[in-house]
Each structure stands twice: as structure tokens, then as C-alpha cells.
Amino acid sequence: MTTAETTVRTVRTKSRKPWTPSQIVLTIIGVAVSAVFLAPIVAALLTSFKSEAEAAEIPPHWLPEVWTGQAWKALYETGNVTDWFVNSLVVSVCVTAIVLTVSALAGYGFARTEFRGKNALLGLIMAGLMISPAVLGVPLFTTVQQMGMVDTYWGMILPQCAPAAMVYILYKFFQGIPRELEEAAFIDGAGRWRVFFTIVVPLARPSLAAVGIFTFIASWNNFLWPYMVTNNPDLMTMPNGIATVMNSYGIQWAQLMAGGLMAGLPLIVVFVFFQRQIVAGVAHTGLAGQ
């Protein structure tokens, strides 16, 4: 071993500080909280590898006595899993694209333009935050039915594209952007649309990413509205399709757990790959109004 390698190892050893009691306590708390959140996922995974009879036993036990993939196989044989997945993907992607477009334009319009009735209109939009989507189910269904969009993709997509919360998030973010940046572009001859797409949108990427991810997750998990507006089995989304995993003996718990894991996998992948954008978007949004 050379002298240089010995010196580097000595420096690294000296730079390692022992954990303080507060760090140890916080680590233990973090592990405990993580275990609480991971326990249902682990239980669902283990249950999906049980037989239906074993999955319905009371009291339940964690590990399968006999490991089997029958629940996963039956789920593919009895259900249109591929169609459910594609339908959820189409609806969620379309809803996310529309919400991003509408929220960005509306938020920027409220933050940078002055017009008569602006405060009243903004207050009306914010009032949407206080109304539960379930309350609007019947009038929305009546409207969609009159427009002939029952059992269509558009019937599932359009009613989910009223993003009051997302408009407010981007509105507060756009308010935090220095006006001097836009004024300098106006002096150089740029128009409002060019300023929006070349200056404002690049600065808003973290918040736009967070809004897009939150919208995608909410649309993917939406059960009530697709259930109300769709009677065609070929148009079922993942949550609605999984809810049909039953037979004459009742709920098939092993298949239900397998379907739940399958439905949640894309969301886990989205969070794993875009967690930095989520954190950055929330941080930027929280600081925008200061």
C-alpha cells in the first residue's frame, strides 16, 4: 500500500463522525414509519402467492404455507388486465396533459394580467377547492349523458380536467417569478406568448412536473367517476377492473391483492424515478408566495 493510499484512508476514517443520539432516534423513527407504510404492501405481496382458501383463513398468517402463482394466473385468465391497464394509461395521460395546459395558462393569466372581474373569477375557481368531487357526481353524469359521452374515453377524461388546486399552485408560483425577466424580454421585442414559452415555462419546470405527477396519480387512482360513467367492460380502468375480481363464492382475496399490486406498480415507478421533481416542485411552490 502506497503512502498516498494510506493518507486517503486515514482522512476518510477521521472524517467519519459517530452518530449523535438525535440521529439515532430519528433513524429509528424513520425505520419504524417506513415499516408501517411497507407492511400492507408486503402483506399484499405474500397474500397474492397464497391459494384462495389459505388467503381467506381467519386468523390470517403472513407467510404462505404453499407458495403458488395461481392468483396471478387466474387474474390474467379471467380479467382483461391488459385492457384495464391501457385504459387507465390513456385516461391518465390525457387528463395530465390537459390539466397541465389549462393550469399553466390560467395560472399565468391570473398572475400577470389585469382584467375586470379577475378577483371574482379567481375566487370562484378557488371555491372549487371546498366542493367534494362526489357531490358533483350526479350533475356531471347528467351533463355527460346529455352530450352523448357515456361509455367513451372523453366521458372519463373531460370531467377530471377542472384543476382548481393545480391552477392555484401554478398561480402562486408564477407570482414569485421576478417581473424584470419578462420586462427585459418585452423590451427586446418578445411578445406575451414567446415570453411565456421561452422564459416562464422553463422556470416553472419543477412545479409543472409536480403538478403533472400529482394529476397522473390522482387520475390513475380515480375509482368513482369511471365507475359511474362506464358500463362497457372493455373501457374499465384498473381500479374498476380489480373491483370485479369476484365469483359466486365472494371476493377472491389472493387475486384482489395481485391486482392491487399490479395497479400500484406504475405509481411506485413514477415516484421512484420522479421523486426529485416532486420534492423540488413542492419546495418551489411553498416558497413562491414568499
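The model you are looking at is a predicted one.

Let me start with the cavity. Searching the whole structure for cavities of 30 Å³ or more turns up one. The space in this largest cavity comes to about 30 Å³. Its lining is made of Ser 88, Val 91, Ser 92, Gln 160, Ser 219, Trp 220, Asn 222, Pro 226 and Thr 237. Two elements, helix 5 and helix 12, which covers 205–221, each give two or more residues to that lining. Helix 5 gives the most, with three residues. Now the sorting: six of the lining residues are polar, three are nonpolar, and no charged residue is found there.

Next, the salt bridges. How many does the structure hold? There are three salt bridges. As background, side chains of opposite charge can pair when their charged atoms come close.

Take Glu 182 and Arg 112, which form a salt bridge with their closest N and O atoms 2.5 Å apart. Glu 182 sits in helix 10, residues 179–187, and Arg 112 in helix 5, residues 81–112, so this pair ties together parts that are 70 residues apart in sequence. Are these two partners buried or exposed? Glu 182 has 3% relative accessibility, and because buried means under 20%, Glu 182 counts as buried. Arg 112 is buried as well, with a relative accessible area of 8%.

Glu 182 has another partner, Arg 192, and here the closest N and O atoms are 3.6 Å apart. Arg 192 belongs to helix 11, residues 192–203, while Glu 182 is in helix 10, so the pair ties together parts that are ten residues apart in sequence. Arg 192 is partly exposed, at 35% relative accessible area. Put together, Arg 112, Glu 182 and Arg 192 are linked in a network of salt bridges.

That leaves Lys 118 and Glu 114, whose salt bridge has its closest N and O atoms 3.3 Å apart. Lys 118 counts as buried, at 10% relative accessibility. Glu 114, on the other hand, is exposed, with a relative accessible area of 66%.

Last item, the surface. There is a nonpolar surface patch of about 1,200 Å². The residues that make the patch are Leu 38, Ile 41, Val 42, Trp 62, Leu 63, Trp 67, Leu 265, Ile 268, Val 269, Val 272, Phe 273 and Phe 274. The elements giving two or more residues to this patch are helix 2, spanning 21–48, and helix 15, spanning 253–288. Which of them supplies the largest share of the nonpolar patch? Helix 15 does, with six residues.

To recap, we have one cavity of 30 Å³ or more, three salt bridges, and a nonpolar surface patch of about 1,200 Å². That is what I had for today.

How values were computed
Residues are numbered from 1 along each chain as its sequence is written. This is a predicted model: local features need pLDDT of at least 70, side-chain atom pairs count only at pLDDT 80 or more; totals for chains, interfaces and linings use all residues. Side-chain values use heavy atoms; hydrogens and water are left out. Patches are made of residues with over 30% relative accessible area and no salt bridge: like charges are joined within 9 Å, nonpolar side chains (Val, Leu, Ile, Met, Phe, Trp, Tyr) within 5 Å. Accessible areas come from the Shrake-Rupley method with a 1.4 Å probe; for residues, only the protein chains shown count as cover. A salt bridge is a side-chain nitrogen of Lys or Arg within 4 Å of a carboxyl oxygen of Asp or Glu. Helices (H or I, at least four residues) and strands (E, at least two) are DSSP runs, numbered from the N terminus. Buried means under 20% relative accessible area, exposed over 50%, partly exposed in between (1.4 Å probe, protein chains only). On a 1 Å grid over the protein atoms alone, a cavity is a set of points where a 1.4 Å probe fits but cannot get out, and a pocket is an open set with protein on both sides within 12 Å along at least five of seven lines; lining residues have an atom within 4 Å of a point. Grid points are joined across faces, edges and corners, and a volume is the space filled by probe spheres set on the points. Ala, Val, Leu, Ile, Met, Phe, Trp, Tyr, Cys and Pro count as nonpolar, Asp, Glu, Lys and Arg as charged, and the others, Gly among them, as polar.
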